[in-house]
Amino acid sequence: MDAFAATAGELTSNEEPLDRPRDISLAQAVVRRSALTTARDGSHLQIDLLLVMTSLDFEQVWARRRSFLVGANELPVADLADIVAAKAAAGRPKDRLFLATHAAELRRLLGG
């Protein structure tokens with residue numbers, strides 16, 4: 001979360017602001033509850049920061065992560081195959097729609 005906050009992004013959980021002022025007890029409660037946290041840049045970028053991925057083991061997902069630089073900060077991101085697997089396992093209507101809409105591109109990116 002610090003990497004995104006350092007780029008002047010806004011962090012929210014359940015539409016409540018998290019990052020200004022910084023509140024360590026609130027951050028710990030978000031982690032304890034595995035609450036969805038959303039980062040927005042104030043324009044078009046929105047990133048969901050997940051602490052739980054349905055049917056996947058965190059340690060295995062973490063081992064396969066990729067890192068991207070956001071400004072001078074490193075931002076770890078789950079491997080695309082793990083993201084797709086989590087969306088398929090969750091089975092929510094918005095995940096099914098995402099997978100159907102982007103099926104061809106996902107197949108291309110994942111190598112078949």
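This is a predicted model: local features need pLDDT of at least 70, side-chain atom pairs count only at pLDDT 80 or more; totals for chains, interfaces and linings use all residues.
Start by selecting Phe 58 and Trp 62: four residues apart in helix α3 (residues 58-63), Phe 58 and Trp 62 are separated by about one helical turn. Residues are numbered from 1 along each chain as its sequence is written, and side-chain values use heavy atoms, with hydrogens and water left out.

Stay on the two rings. Rings of Phe, Tyr and Trp (its six-membered ring) pair if their centres lie within 6.5 Å; planes under 30 degrees apart count as stacked, over 60 as edge-to-face and the rest as tilted. By this rule the count comes to one aromatic pair. Phe 58 and Trp 62 form that pair, stacked, at 5.8 Å centre to centre with 20° between the planes. Phe 58 is exposed at 51% relative accessibility, and Trp 62 is partly exposed at 37% (buried means under 20% relative accessible area, exposed over 50%, partly exposed in between; 1.4 Å probe, protein chains only).

Next, select Arg 64 and Asp 82. They form a salt bridge, with the closest N and O atoms 3.0 Å apart (a side-chain nitrogen of Lys or Arg within 4 Å of a carboxyl oxygen of Asp or Glu). The pair links distant parts of the chain, 18 residues apart: Arg 64 is in the loop between α3 and β5, and Asp 82 is in helix α4 (residues 80-90). Arg 64 is partly exposed at 39%, whereas Asp 82 is buried at 6%.

The whole structure has four salt bridges. For a network of them, select Lys 87, Arg 92 and Asp 95. Asp 95, buried with a relative accessible area of 1%, bridges to Lys 87 at 3.0 Å and to Arg 92 at 2.6 Å, between closest N and O atoms.

Now show the strands. Four of them form an open antiparallel sheet in the order β2-β1-β3-β4 (two strands pair if DSSP finds at least two bridges between them). β2 (16-17) and β4 (46-49) are at the edges, each with a single partner strand, so one side of each is left without a neighbour in the sheet. Four bridges join β3 (residues 37-40) to β4, and Ala 39 stands opposite Ile 47 in β4.

Then select β5 (residues 66-70) and β6 (residues 73-77), which pair in the antiparallel sense over five bridges. The bridge partner of Phe 68 is Leu 75 in β6. The two strands form a hairpin with two residues between them, and Gly 71 in the turn has a positive phi of about 65°.

Finish at Ser 34, in the loop between α2 and β3. Ser 34 has a positive phi of about 50° although it is not a glycine. From Ser 34 to Val 52 is 6.5 Å, C-alpha to C-alpha, at 18 residues apart in sequence.
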